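Here is a short note to read beside the model. Please keep the sequence and the 3D view open while going through the points.

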Amino acid sequence: MSALDEPLKKILGGTTAKVMAEQLGLNTVGDLLHHYPRRYAERGELTRLSDLPLDEHVTVVARVADARVLKFNNGRGQRLEVTLTDGSGRLQLVFFGKGIHKPHKELLPGRRAMFAGKVSVFNRKLQLAHPEYALLDGEDGEEAVDAFAGRLMPIYPACQQMASWKIAKAVDAVLPSAREALDPLPEALRAGRALLPLPEALEKVHRPRTKADIEDARSRLKWDEAFVLQVALARRRMAETQLPATPRPLTPGGLLDAFDAKLPFTLTEGQQKVSREIFDDLATDHPMHRLLQGEVGSGKTMVALRAMLAVVDTGGQAAMLAPTEVLAQQHHRSITEMMGELAEGGMLGGAEQGTKVVLLTGSMGAAARRQALLDLVTGEAGIVIGTHALIEDKVQFHDLGLVVVDEQHRFGVEQRDALRGKGKQPPHLLVMTATPIPRTVAMTVFGDLETSVLDQLPAGRSPIASHVVPAKDKPHFLARAWERVREEVEAGHQAYVVCPRIGDEEDAPKGKGAKKKSAEEAAAGEDKRPPLAVLEVADQLAKGPLAGLRVEVLHGRMHPDDKDAVMRRFAAGEVDALVATTVIEVGVNVPNATAMVIMDADRFGVSQLHQLRGRVGRGSAPGLCLLVSEMPEASPARARLAAVAGTLDGFELSRIDLEQRREGDVLGQAQSGARTSLRMLAVIEDEQVIEAAREEATALVTTDPELTGYPELRTALQALLDAEREQYLDKG
């Protein structure tokens with residue numbers, strides 16, 4: 001057993017090891033060595049007290065300004081209040097009861113110490129209650145001070161039960177084992193890129209003498225993560241090319257040609273290019289695995305439909321999976337409309353080379369469902385569109401050749417796997433997403449899929465103007481927003497009003513709608529208003545600003561038939577304003593809808609707002625999107641909305657979104673102890689590392705797929721792909 005696999009219990013003792021395992025997920029010496037410092041404090045460089053975040057565990061270095069014991073509860077209780085200062089701000093510490101004796105003796109004015117605890121607010125002042133602390137002066141003789149003074153002090157992601165300096169002490173105990181760390185990077189690669197050996201990098205990341213040490217260690221450790229992950233993905237891709245699949249080459253004179261011939265417009269260059277990539281993949285004898293990214297409205301459905309028709313031409317069947325019933329019905333509607341008589345194969349008036357397009361969802365009636373299942377097993381239906389209902393055991397295909405998955409992020413890997421098992425041989429797979437994913441994220445998260453991007457909008461699409469409406473600072477802006485909606489309706493158009501929740505909950509909202517108040521709302525002195533709800537807003541609009549217009553509601557708790565009826569009426573122009581939750585986020589297509597008002601827009605994520613906005617401006621008239629928020633102008637939430645209003649480029653927005661969220665995610669993980677396999681690598685900033693690692697990994701796997709020449713790399717891979725990840729990647 002290597003020294004890095006030693007359980008921490010043997011080295012640190014049971015109690016410490018237990019807290020590390022339960023709170024931080026650290027079980028072995030290796031785990032602890034890879035628990036890297038979040039940042040480094042220099043003596044005199046302090047976590048500024050003026051920048052303390054609420055509700056987070058912090059470590060501060062500060063000086064005691066004053067300390068006093070106060071009595072309360074008629075003298076029966078006592079508390080010690082200590083005020084700290086660091087020149088940028090002040091912070092109060094408070095200790096109660098018996099816990100006051102030791103700090104009362106030690107925390108004397110003028111002393112410096114490190115303090116760790118969770119920041120809370122009491123009487124409008126920031127405070128730490130019962131923080132842990134370590135004194136930083138005189139007591140342990142001069143050498144301790146010198147050792148401390150001359151060093152960069154690592155601040156570790158910590159938790160309430162285990163302060164940063166306790167983790168640092170534990171790291172000191174295991175650091176000698178770092179010398180035995182197996183280096184996963186091939187020697188030639190490491191030397192060629194002038195990277196530190198792994199033992200040295202671990203030593204320097206935990207106990208740097210200079211800032212250059214930190215940089216060198218980080219670049220080396222980032223390479224490890226990127227390279228091992230990319231080798232795993234490269235091996236996946238390699239394995240996929242070994243699987244057999246039925247080739248589906250283009251067949252002239254079939255459905256696809258008939259369909260193209262009746263298209264009333266020409267495909268964009270982007271659509272033609274992506275279609276060629278897909279047709280080339282379909283013609284090979286191993287399964288296609290392609291991710292199709294396209295802006296909202298870039299014509300992904302058209303590209304997917306042409307791929308499905310090409311497969312039907314070879315005698316195969318194609319299945320399209322949608323995340324919701326509303327969306328499955330919508331795809332079914334738009335595909336049958338696009339195909340016209342070609343979708344009525346075997347029916348009167350249907351075209352010669354037509355096929356049947358069937359819908360399969362959970363809420364269908366028994367008779368319709370039986371017929372759909374029959375059409376699939378006989379091969380009568382060439383195309384089936386459905387929800388997860390498609391994956392049930394009862395569903396049998398005649399010859400499944402292609403699976404198209406819409407909106408990947410809502411669709412589990414197990415489900416794709418189950419569907420894959422329905423073919424005689426693994427079917428080809430096309431995954432579509434309208435959430436633009438920056439290239440590096442696609443390479444890291446979907447690295448086993450080849451990527452195609454549709455980035456032009458089809459001709460005839462109109463620009464969308466977006467504006468932030470500050471409802472609290474400028475109430476007359478909101479009044480003007482409703483006037484704009486009326487103007488659009490008077491011009492013969494329609495509008496959406498989107499709200500974060502449905503309303504009429506029996507009690508306080510639970511679940512997604514009930515967001516914990518953010519520190520920023522608390523600081524803004526927000527009264528505890530729940531997010532605006534569809535039912536209330538619709539009622540107020542119908543009686544107030546939109547009185548006289550035809551206002552209807554749409555949300556997830558309605559019966560599927562009612563939802564579909566409302567959508568049909570809206571599509572037919574019989575509804576002027578549709579007040580809805582985000583059920584309309586994905587794929588709803590009503591070209592006559594030109595305006596959208598998003599209430600409490602700050603409650604939605606950047607990508608989600610961009611998705612929603614893509615529902616307007618789908619016809620020839622320009623679109624208008626109004627983001628209504630009560631957040632104060634200087635708040636991060638408003639900055640987010642301004643970013644969305646400022647650009648229509650989804651890739652740019654997804655970058656902003658990730659940059660804003662990442663720090664939160666990283667800190668969030670540090671607090672909750674959840675761990676991803678990426679600890680050092682920042683997907684957005686480390687673009688070059690990820691690209692270079694992908695090239696190196698692909699080259700290495702091509703020459704040595706089993707990694708026989710690289711035992712250390714094999715070991716690192718096994719550690720990364722522990723059982724659960726292995727299974728996840730297998731199904732991916």
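Is Leu707 buried or exposed, and what is its relative accessibility?

1. Leu707 counts as buried, at 0% relative accessibility. The model is a predicted one, and in it Leu707 sits in the loop between helix H24 (687–703) and helix H25 (711–720). Its phi is positive, about 60°, although Leu707 is not a glycine. Most residues other than glycine have a negative phi.

2. Asp600 also deserves a look. This residue is not a glycine, yet it has a positive phi of about 50°. Asp600 belongs to the loop between strand E20 (593–598) and helix H21 (606–613). With a relative accessible area of 3%, Asp600 is buried, since the cut-off for that word is under 20%.

3. Next, helix H19, which spans residues 534–543. Val534, Val537, Ala538 and Leu541 are its buried residues. They lie on the same side of H19 because they cover an arc of only 100° around the axis. On the face turned away from that buried side, H19 carries the exposed residues Gln540 and Lys543. The cover over the buried residues of H19 includes helix H17 (475–490) and the strands E17 (494–498), E18 (551–554) and E19 (577–580).

4. Now the charged pairs. Side chains of opposite charge can pair when their charged atoms come close. The count for this model comes to 31 salt bridges. One of them joins Asp183 and Arg220, with the closest N and O atoms 2.7 Å apart. Asp183 is in the loop between helix H6 (164–174) and helix H7 (187–192), while Arg220 is in helix H9 (residues 211–242), so the pair links distant parts of the chain, 37 residues apart. Asp183 and Arg220 are both buried.

5. A further salt bridge is formed by the side chains of Glu696 and Arg193, at 3.1 Å from N to O. Glu696 lies in helix H24 and Arg193 in the loop between H7 and helix H8 (198–206), so this pair ties together parts that are 503 residues apart in sequence. Glu696 is partly exposed, with a relative accessible area of 25%, and Arg193 is partly exposed too, at 37%.

6. Asp281 and Arg290 also meet through their side chains in a salt bridge, 2.8 Å from N to O. Asp281 is buried, with a relative accessible area of 17%, and Arg290 counts as buried at 9%. Elsewhere, salt bridges that share partners join Asp183, Glu187, Arg190, Arg220 and Asp224 into one network.

Conventions:
Residues are numbered from 1 along each chain as its sequence is written. This is a predicted model: local features need pLDDT of at least 70, side-chain atom pairs count only at pLDDT 80 or more; totals for chains, interfaces and linings use all residues. Side-chain values use heavy atoms; hydrogens and water are left out. Buried means under 20% relative accessible area, exposed over 50%, partly exposed in between (1.4 Å probe, protein chains only). Helices (H or I, at least four residues) and strands (E, at least two) are DSSP runs, numbered from the N terminus. The arc is that of the directions from the helix axis to the C-beta atoms. Contact means heavy atoms within 4.5 Å. A salt bridge is a side-chain nitrogen of Lys or Arg within 4 Å of a carboxyl oxygen of Asp or Glu.
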